[in-house]
Amino acid sequence: MDREKLIEAVVSQVLHSMSGNRKAKHAGARIKVGVSQRHVHLSQSDLETLFGKGYELTVKKMLMGREFASNEVVTLVGPSLKAIENVRVLGPVRKSTQVEISRTDTFVLKVSPPVRPSGEVAGSERLVLVGPKGSVYLKEGVIIANRHIHLSPSGAAENGVRDGDLVDVLVEGEKPTKFYDVQVRVRDDFHSEMHIDTDDANCAGLKNGDSVTILAKRGRM
């Protein structure tokens with residue numbers, strides 16, 4: 001093979017490879033992004049301590065399924081007495097109170113919560129919640145929520161995943177990156193949406209409504 005034909009063959013192979021990479025890049029399912037601000041889930045007992053006996057949360061905005069952002073807010077106070085005010089309460093009430101914050105918030109509050117799936121609060125961080133009618137010393141319940149994707153059963157089937165699976169997710173755009181071991185959560189009242197906190201969103205240049213791509217499944221929780 002002469003030099004000219006060799007160069008032509010190499011260029012053809014490179015172009016073919018690049019074309020294949022572009023197709024593979026978009027081969028997975030596209031999932032909408034929802035950026036989670038710091039927020040609080042309250043038990044009925046803690047709700048009444050903070051807002052008064054018999055108090056019920058009022059709906060500001062419906063989110064997913066039965067969940068909603070309420071009009072109610074609380075103040076978080078860390079052990080150094082540093083505080084973050086106007087933290088949104090999400091409803092409905094839960095069995096146990098849970099506070100979800102970002103790593104950046106921990107520098108203000110001077111706490112060290114673990115990265116956990118929602119609901120796994122045993123042995124997690126503590127702080128004080130302050131409401132208009134009282135305060136609650138939370139002995140555990142403060143976490144940094146793990147990255148996760150909400151899917152309906154049909155959405156999970158379309159993507160070949162089940163509740164509890166871990167997947168990799170590709171982020172494209174100005175700050176392309178890849179998130180590993182993103183937890184899949186499946187429930188009848190879910191729609192397809194990946195939830196990340198503000199730190200992850202900022203580092204990857206993501207905002208509400210952007211899309212990411214589900215890549216390979218890595219294992220299970």
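Modeller: Happy to! A word on confidence comes first: pLDDT is the predictor's confidence in each residue, from 0 to 100. The protein averages a pLDDT of 90, and 87% of the residues score at least 70. This is a predicted model, in which local features need pLDDT of at least 70 and side-chain atom pairs count only at pLDDT 80 or more, while totals for chains, interfaces and linings use all residues. Residues are numbered from 1 along each chain as its sequence is written, and side-chain values use heavy atoms, with hydrogens and water left out.

Now to the rings. Searching the whole structure turns up 1 aromatic pair (rings of Phe, Tyr and Trp, the last by its six-membered ring, with centres within 6.5 Å; planes under 30 degrees apart count as stacked, over 60 as edge-to-face and the rest as tilted). The partners are F51 and Y55: their ring centres lie 5.1 Å apart and their planes meet at 25°, so the pair is stacked. F51 is buried, at a relative accessible area of 9%, whereas Y55 is partly exposed, at 27% (buried means under 20% relative accessible area, exposed over 50%, partly exposed in between, with a 1.4 Å probe and protein chains only). Across the protein, buried residues make up 42% of the 221 residues.

One stretch needs caution: over residues 14–27 pLDDT stays under 50, and the model has 4 contacts for them beyond four places in sequence (contact means heavy atoms within 4.5 Å). Where pLDDT is low, the predicted coordinates should not be read in detail.
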